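Subject: Structure handover

Hi,

Here is the structure I promised to pass on to you. Please have a look at it first, and then read on for what turned up.

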Amino acid sequence: MSDNDPILLESGIRDVSFGKAVKVVQPANLYGCTIGDGCFVGPFVEIQKDVTIGDRTKIQSHSFICELVSIGSDCFVGHGVMFVNDTFSIGGPARGRRELWRATKIGDRVSIGSNATIMPVDICSDVVIGAGAVVTKPITKPGIYAGVPARFIRSATSDQSSPTKRS
Ligand SMILES: CC(C)(COP(=O)(O)OP(=O)(O)OC[C@H]1O[C@@H](n2cnc3c(N)ncnc32)[C@H](O)[C@@H]1OP(=O)(O)O)[C@@H](O)C(=O)NCCC(=O)NCCS
């Protein structure tokens, strides 16, 4: 082996607590997390340790769910949704100083549009986040939020917070 050979690590599924009737499309990199009954996880998703995902929540392809995130039941995480735990509060990455990381808690029946970024904030139940939004502040009132930074655009109608789409 030469110095120019990279160290190759395998992605995969390790130490995950799965509920009943979960579907995962591989390849996915899931480790040390808890995934509730009836969830769906699309391809190219990473879910890190200590994340919890509630029952019947769907995580579409290419999303990244980092440590310190919890997501409730009946949620929909669109394609390429990014969660954040390190806000670069010291002007750059925390570089292992986990005390600088911050948590995100998502309620139930929250739908997050494709390519949204969720900074470490809490989002209450019954919220829709638009595609491409960047959520920078806690959301405490049900409704539809979109834009950069995400702003309330209108109240939701009752059937809007329980999407059924899969990959
Ligand atoms: C946010 C969203 C739910 C709003 O839907 P809606 O209520 O039907 O909204 P409208 O299309 O009537 O738009 C209302 C206003 O919000 C704006 N808007 C809509 N979606 C937006 C978005 N994602 N980002 C920024 N602005 C948005 C519109 O331009 C419009 O602005 P205007 O009033 O100045 O013209 C929807 O546009 C969206 O982004 N859905 C996510 C879909 C998705 O990612 N699905 C994943 C699976 S494919």
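Let me start with the core. The largest nonpolar core contains 37 residues, and Ile112, Ile129, Val135 and Tyr145 have the most contacts inside it. A nonpolar core here is a set of buried Ala, Val, Leu, Ile, Met, Phe, Trp, Tyr and Cys residues joined through C-beta atoms within 7 Å. A residue counts as buried if 20 or more other C-beta atoms lie within 10 Å of its own, as exposed if 12 or fewer do, and as partly exposed in between, with C-beta atoms placed from the backbone. At least two residues of this core come from each of S6 (40–41), S11, S12 (76–77), S18 and S20; strand S18 gives the largest share, three residues. (Strands are DSSP runs of E with at least two residues, numbered from the N terminus.)

Before going further, please keep in mind that this is a predicted model: local features need pLDDT of at least 70, side-chain atom pairs count only at pLDDT 80 or more, and totals for chains, interfaces and linings use all residues. Residues are numbered from 1 along each chain as its sequence is written.

Val135 is in contact (C-beta atoms, placed from the backbone, within 7 Å) with Ile129 and Tyr145, among others, leaving aside residues up to four places away in sequence.

Now for the strands. Two strands pair if DSSP finds at least two bridges between them. Six of them make an open sheet with parallel pairing, in the order S2-S5-S8-S11-S14-S17. Its edge strands, S2 (17–18) and S17 (122–123), each pair on one side only. Within the sheet, S11 (residues 69–71) and S14 (residues 104–106) are joined in parallel by three bridges, and Ser70 stands opposite Lys105.

Strand S20 (residues 143–146) pairs in parallel with S18 (residues 127–129) over three bridges, with Ile144 as the bridge partner of Val128. S20 also runs antiparallel to S21 (residues 151–154), again over three bridges. Four residues lie between the strands of this hairpin, where Gly147 has a positive phi near 100°.

What is the place of Val110? Val110 lies in the loop between S14 and S15 (111–112), and it is buried because 26 other C-beta atoms lie within 10 Å. Val110 and Gly143 are 33 residues apart in sequence, yet 9.7 Å apart in space, C-alpha to C-alpha.

Best wishes

Methods:
Contact = placed C-beta atoms within 7 Å.
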